[in-house]
Amino acid sequence: MCGIVGYIGAEQAAPVLLDGLDKLEYRGYDSAGLAVFDGEKIQIAKARGRLKVLREATHGGEKLPGFCGIGHTRWATHGIPSDRNAHPHFNEAESIAVVHNGIIENYLKLKKMLETKGYKFVSETDTEVVAHLLDYYYKGDPLDAIMRMMHRVEGSYALGIIFRDHPGNLYAVRKDSPLIAGQSKTGNLIASDVPAILKYTRDVYFIKNEEIVCLTEDGLSFYNVDGEEIEKEPVTIQWDVSAAEKAGYEHFMLKEIYEQPKAVLDTLNPRIRDGRIEIEELGMTDEEIRAIRKIYIVACGSAYHTGVSAKYVFEGLARIPVEVDLASEFRYRNPILDDGTLLIVVSQSGETADTLAALREAKARGIKTLGIVNVVGSSIARETDKVMYTWAGPEIAVATTKAYSTQLIAEYLLAMKFAQVRGTVSQDEIDEMVNDLKMIPEQIEMLLGQKERIQRFANRYIAAKDIFFIGRGLDYAISLEGSLKLKEISYIHSEAYAAGELKHGTISLIEEGTLVAAVLTQEELYKKMISNMVEVRTRGAFLLAVTNVGNTEVEKAADYVIYIPKTNKYFTNSLAVIPLQLFGYYVAIGKGCDVDKPRNLAKSVTVE
């Protein structure tokens with residue numbers, strides 16, 4: 001679901017498409033493909049792996065002659081990375097070709113409907129549904145077919161479409177997935193991001209939700225979902241290419257921090273239907289869920305921190321005992337794995353070596369396993385009994401932000417599903433939690449609006465030598481992540497402590513001016529936490545507090561307060577993490593650190 005490029009004009013399309021896809025490589029992908037109309041038919045070339053494989057297979061595009069085409073780099077969501085699952089996708093007659101970014105949430109329902117009409121599917125993707133649905137509705141008018149398709153499809157999408165019967169037109173449409181169009185001297189283009197077409201034009205049109213664009217060699221026409229033509233004004237892009245790849249953000253990490261509302265939405269929406277939690281990929285019957293007597297959550301780094309949070313959520317809602325283990329420790333401690341145990345392994349890349357080893361140890365002992373991963377077709381995704389994808393999209397910066405946030409969401413949903421099945425919470429409580437979950441993306445947006453305030457505060461601690469994060473319960477879990485985020489990108493020594501442990505030794509490290517970040521979002525623990533804050537403040541600490549709106553009592557014990565919106569007590573980490581991410585980012589920027597590629601760290605740790 002990564003990169004789209006389309007071109008129609010006076011130049012050969014394939015080299016333009018390859019050049020545009022090359023500019024989108026930074027987004028991450030696992031396969032690539034092109035579809036070009038050669039005057040008689042639409043020719044497609046697809047290849048798993050890096051773009052250079054496709055480039056070599058097509059001789060730099062020479063083997064795909066034609067002046068109208070679409071291209072795609074795919075980050076797999078439905079179906080493993082393969083030539084068959086790569087985009088573009090055809091209808092059965094190979095008269096309609098489609099590329100797609102996003103997720104079609106109701107694709108299974110549509111697929112079943114189309115199969116009853118005689119349509120045959122050759123891939124595992126949700127995208128192929130769009131190609132066949134367009135064929136089903138096409139009666140000679142591409143625009144009419146596209147509009148009818150839009151009324152049936154649920155989810156997010158940016159689409160590039162070619163109709164063999166209309167070789168002089170290229171169509172594109174979007175809903176909740178980025179799409180732009182541009183006009184060059186030799187033709188017109190579409191893309192999912194600016195850098196793909198910046199070489200050809202700096203005047204671009206930003207396509208809004210449920211808008212359609214029809215491109216010809218000479219011009220562009222825009223329509224709404226009802227087929228009414230609309231006027232749009234181009235925007236002149238002032239960025240250089242490097243900045244454009246980051247969508248105008250200075251770093252990938254900041255870009256990914258700002259992508260969290262959409263990433264959370266993409267993980268959340270397909271699993272909530274009519275107020276119920278539906279996790280189709282879980283593949284467990286209600287009887288199997290009720291039979292689980294113990295859960296192990298095994299992971300590394302930030303993924304481990306989500307597991308610490310999930311322990312509180314699972315035990316609080318589903319009343320199942322949970323152990324959280326660092327994968328590097330789990331595999332060597334000969335854990336007790338009885339019948340009725342479920343092992344959940346969490347990893348962004350799905351290739352984390354220690355986590356894989358822990359998974360294999362559990363499987364060798366006959367334990368049910370579930371993976372929570374971001375990368376489709378990764379080793380963990382293939383080897384676990386079941387897999388739940390987070391759909392965060394490619395994450396380029398080494399320090400995780402949006403992958404962490406989507407892992408939390410996946411774990412909330414699992415805990416709620418288990419609680420729902422086991423009857424440990426009422427349906428009214430589930431309904432309230434679902435409503436709170438739906439509000440999280442908007443609440444994250446609101447917190448991101450405080451970035452200037454957080455940046456000003458962060459600038460005061462660029463020269464800090466030691467920083468401590470404290471919390472109780474779920475707030476201790478978020479303190480772990482806040483501390484890690486700061487130290488891995490700023491190289492400042494930072495530690496996270498359960499606040500009640502301060503008096504058992506750690507408080508001796510507090511001296512005049514030491515920054516202590518206190519997280520207190522659990523109302524039943526407010527008083528205990530404020531007491532801990534007073535303890536360190538009387539010893540010279542400067543107190544930063546992250547707490548819920550309305551907890552003004554904390555201002556008596558803190559020097560600086562960041563308020564987060566109110567939500568269900570189990571979901572507060574999804575909000576409290578945002579100011580902590582921004583704090584770490586701005587401290588590191590102030591120190592001149594390379595936040596996207598911190599020293600000695602790798603995005604995917606594939607060695608022990």
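How many bridges join strand S18 to S20, and do the two strands run parallel or antiparallel? The legends below take up this pairing after a view of the whole chain.

**Figure 1. The protein chain in the predicted model.** The chain holds 19 helices and 27 strands. Its radius of gyration is 25 Å, close to the 25 Å that the globule rule gives for 608 residues, so the chain is as compact as a globular protein of that length. The C-alpha trace spans about 80 × 55 × 45 Å along its principal axes. Of the 608 residues, 61% count as buried.

**Figure 2. Strand S20, residues 341-347.** Seven of the seven residues in S20 are buried, so the strand is largely enclosed by the rest of the structure. Thr341, Leu343, Val345 and Ser347 point one way from the strand. Leu342, Ile344 and Val346 point the other way.

**Figure 3. The pairing of S18 with S20.** Strand S18 covers residues 294-299. Five bridges join S18 to S20, and the two strands run parallel. Within this pairing, Ile295 has Leu342 of S20 as its bridge partner.

**Figure 4. The pairing of S20 with S21.** Strand S21 covers residues 368-373. Six bridges join S20 to S21, and these strands also run parallel. Val345 stands opposite Gly371 in S21.

**Figure 5. Charged side chains and surface of the protein chain.** The chain has 70 positive and 85 negative side chains. The centres of the two sets lie 4 Å apart. The accessible surface comes to about 23300 Å², and 47% of this surface belongs to carbon and sulfur atoms.

Terms used:
Residues are numbered from 1 along each chain as its sequence is written. Side-chain values use heavy atoms; hydrogens and water are left out. Helices (H or I, at least four residues) and strands (E, at least two) are DSSP runs, numbered from the N terminus. The radius of gyration is taken over C-alpha atoms; the globule rule is 2.2 Å times the number of residues to the power 0.38. Buried means under 20% relative accessible area, exposed over 50%, partly exposed in between (1.4 Å probe, protein chains only). Accessible areas come from the Shrake-Rupley method with a 1.4 Å probe; for residues, only the protein chains shown count as cover. Lys and Arg count as positive and Asp and Glu as negative; His and the chain ends are not counted. The place of a charge is taken as NZ of Lys, CZ of Arg, CG of Asp or CD of Glu. Two strands pair if DSSP finds at least two bridges between them.
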